[in-house]
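Welcome! Please take a look at the protein below, and then we will walk through some of its features together.

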Amino acid sequence: QNETSVTEFILLGFSSNPVLRLCLFGIFSVLYSATLMGNALVFVLICLDYRLHSPMYFFLCHLSIVDICYASNNVPHMLRNLLGQGRTISFAGCGTQIHLYLIFALTECVLLAAMSYDRYVAICHPLRYALIMNRRVCLTLAAVSWAFGFLFGTLQASLALHLPFCGPCEVDHFFCEILAVLKLACTDTTANKVLIFAVCVCFLLFPLALILISYLHILATILRIRSAAGWHKTFSTCGSHLAVVGLFYGNAIFMYMGPGSGNSSGREKVLSLFYSLVSPSLNPLIYSLRNKQVKEALLKLQRRKRVFHS
């Protein structure tokens, strides 16, 4: 009887203290700018330098696209909220945020697993690397990542948005995160939560298991390498990927599968910040800009720019 036709939601965001909100606006603006510039730079370098046209950088290019889209889905509205200009969001806008958030998050889950397979083939089967990781295989893995993300993201978002909602429609979050929105439903959401858990098993635990298996084989291969240079090169490449995997999967599992997941709004906000800002801003530094080939491509681009201006 209390069910209402919801046309908009109110995003509570962070603290109501204006000074703290202004400080957070400054910090998050810097991180968002770093996310856009860092990932865009990686994308441009990979496209322009033929030496980076390899499977590893092909997947990295897709990861940069995902990170840019992921951050741009949530952060601009959060920054408006911090300035007191955008606390409300329409029902359609909220649904769009949920939909895109799920698509990009699930796509990145599969994409990171595909990248670990690429590293496994490169280190454990170097002589057959070009044959196994050919153009067709790379395109297929990338297409599967995006297709799975879109399919299961659309499924979850559709089921969540077809629920009846009651007022007051205050989302205790800085964007329309699916667990926070489900709390406002006027009906039992057990089926939705079971689906979320099942998707987490498929997109978090299963890919993570494949990644760990890949790195166990890589570790066994590394232990047979006697060259110090070989050890350094292998650990440099794989260490970057493991750092990104640890940040992404660790936060996701703790948020959606940990004890009391969905009950602590404060924890959800902090963990969501890792997804929306911290992880996307760190990925270019961890995975790309510390790589020797990427540094050389960056120096080459700078030389081209100086010659052009002179």
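How much helix and how much strand does the chain have over residues 55–73? The answer is 100% helix and 0% strand, with the end C-alpha atoms 27 Å apart. This is a predicted model, in which local features need pLDDT of at least 70 and side-chain atom pairs count only at pLDDT 80 or more, while totals for chains, interfaces and linings use all residues. Residues are numbered from 1 along each chain as its sequence is written, and side-chain values use heavy atoms, with hydrogens and water left out.

**Segments from the record**
- An unreviewed UniProt entry lists residues 19–48, 55–73, 98–117, 137–155, 194–223, 235–258 and 270–289 as "transmembrane region"; such annotations may be inferred rather than shown by experiment.
- Residues 19–48 are 100% helix and 0% strand, and their end C-alpha atoms lie 44 Å apart.

**Two helices that meet**
- Helices here are DSSP runs (H or I, at least four residues), numbered from the N terminus.
- The axes of α2 (residues 55–82) and α3 come within 10 Å and cross at roughly 160°; axes are lines fitted to C-alpha atoms over the stretch in contact, and angles run from 0 to 180 degrees between N-to-C directions.
- α2 and α3 are therefore roughly antiparallel to each other, a label for angles over 145 degrees.
- The contact of α2 with α3 has 16 nonpolar, 7 polar and 4 charged residues (Ala, Val, Leu, Ile, Met, Phe, Trp, Tyr, Cys and Pro count as nonpolar, Asp, Glu, Lys and Arg as charged, and the others as polar).

- Rolling a probe the size of a water molecule over the atoms shows where empty space is left.
- On a 1 Å grid over the protein atoms alone, a cavity is a set of points where a 1.4 Å probe fits but cannot get out, and lining residues have an atom within 4 Å of a point.
- The count comes to 4 cavities of 30 Å³ or more, and the largest cavity has a volume of about 190 Å³, meaning the space filled by probe spheres set on the points.
- Of the 17 residues lining the largest cavity, Leu102, Ala105, Leu106, Cys200 and Tyr256 lie nearest its centre.
- The lining of the largest cavity has 16 nonpolar, 1 polar and no charged residues.

**Open space**
- A pocket is an open set with protein on both sides within 12 Å along at least five of seven lines.
- The second largest pocket holds about 400 Å³ of space, and among its 19 lining residues, Val110, Ala113, Ala114, Phe206 and Leu210 are the closest to its centre.
- α7 (190–222) supplies at least two residues of this pocket's lining, and its 8 residues are the largest share.

How values were computed:
Angles under 35 degrees count as roughly parallel, over 145 as roughly antiparallel, 65 to 115 as roughly perpendicular and the rest as oblique.
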